[in-house]
Amino acid sequence: DLLFAETVLEQDRIPCTFYPHRPFEGHDPYGFPADVRLMVPSSRYDEAERVVAEALKARHEAEMDADDGAED
C-alpha cells in the first residue's frame with residue numbers, strides 16, 4: 001500500500017519520500033524487516049491523508065464491484 005500511496009500523492013502533486021529507503025530496497029543489517037515510512041511535508045499532511053484515504057476507499061469499492069461481477 002505504500003507504493004500505491006506514493007503514486008496517489010504524486011498524481012496530486014504532493015511531495016513525498018520514503019524513509020529510510022523505498023520498500024523492498026535496502027535491508028536491516030540483522031535481517032529484520034525494515035520499518036519504511038512514506039513521509040510528506042507537515043504542511044500538507046492533512047491533505048495527503050485525505051487524498052490517500054479517498055483513493056484507498058475507491059480502490060476497495062472497485063475490488064468489491066469486481067468480486068460481485070465474478071460471482072454472476
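Asp1 is exposed, with a relative accessible area of 63%; exposed denotes over 50% relative accessible area, buried under 20%, and partly exposed the range in between (1.4 Å probe, protein chains only). The structure is a predicted model, in which local features need pLDDT of at least 70 and side-chain atom pairs count only at pLDDT 80 or more, whereas totals for chains, interfaces and linings use all residues. Residues are numbered from 1 along each chain as its sequence is written, and side-chain values use heavy atoms, with hydrogens and water left out.

Asp1 pairs with Arg59 in a salt bridge whose closest N and O atoms are 2.5 Å apart. Helices (H or I, at least four residues) and strands (E, at least two) are taken as DSSP runs, numbered from the N terminus.

## Chain architecture

The protein chain contains two helices and two strands, which follow the order α-β-β-α from the N terminus on. Its radius of gyration is 16 Å, well over the 11 Å that the globule rule gives for 72 residues, so the chain is more spread out than a compact globule. This radius is taken over C-alpha atoms, and the globule rule is 2.2 Å times the number of residues to the power 0.38. Along the principal axes, the C-alpha trace spans about 50 × 35 × 15 Å.

Of the 72 residues, 18% count as buried. The accessible surface of the chain comes to about 5800 Å², and carbon and sulfur atoms account for 53% of this surface; the areas come from the Shrake-Rupley method with a 1.4 Å probe, and for residues only the protein chains shown count as cover. Among contacts with a separation of 6 or more, 50% join residues 24 or more positions apart, where contact means heavy atoms within 4.5 Å.

## Salt bridges

The model holds six salt bridges, each defined as a side-chain nitrogen of Lys or Arg within 4 Å of a carboxyl oxygen of Asp or Glu. Side chains of opposite charge can pair when their charged atoms come close. One of the salt bridges joins Glu47 and Arg44, at 2.8 Å from N to O. Both of its members are partly exposed: Glu47 at 29% relative accessibility and Arg44 with a relative accessible area of 24%.

Another salt bridge joins Glu6 and Arg22, also at 2.8 Å from N to O. This pair links distant parts of the chain, Glu6 in helix α1 and Arg22 in the loop between β1 (17-19) and β2 (37-39), 16 residues apart. Glu6, Arg22 and Glu25 are linked in a network of salt bridges.

## The surroundings of Glu6

Glu6 is buried, with a relative accessible area of 11%, while Arg22 is partly exposed at 32%. The side chains of Glu6 and Arg22 also make a polar contact of 2.8 Å; a polar contact is a pair of N or O atoms within 3.5 Å, and within protein one must be able to donate a hydrogen and the other to accept it, with residues adjacent in sequence counting only if both atoms are side-chain atoms. Leaving aside neighbours within four places in sequence, Glu6 is in contact with Cys16, Phe18, Arg22 and Leu38.

## Nonpolar core

The largest nonpolar core comprises eight residues: Ala5, Val8, Leu9, Ile14, Ala48, Val51, Val52 and Ala55. The elements that give two or more residues to this core are α1 and α2, and the largest share, four residues, comes from α2. Such a core is a set of buried Ala, Val, Leu, Ile, Met, Phe, Trp, Tyr and Cys residues joined through side-chain atoms within 4.5 Å. Not counting residues up to four places away in sequence, Val51 touches Val8, Asp12 and Ile14.

## Loop residues

His21 lies in the loop between β1 and β2. Its side chain reaches the backbone oxygen of Glu25 at 2.3 Å. Apart from neighbours within four places in sequence, His21 is in contact with Gly26, His27, Ala34 and Val36.

Pro15 is placed in the loop between α1 and β1 and is partly exposed, at 41% relative accessibility. Pro15 and Pro41 are 26 residues apart in sequence and 7.1 Å apart in space, C-alpha to C-alpha. Residues up to four places away in sequence excluded, Pro15 touches Met39, Val40, Pro41 and Arg44.
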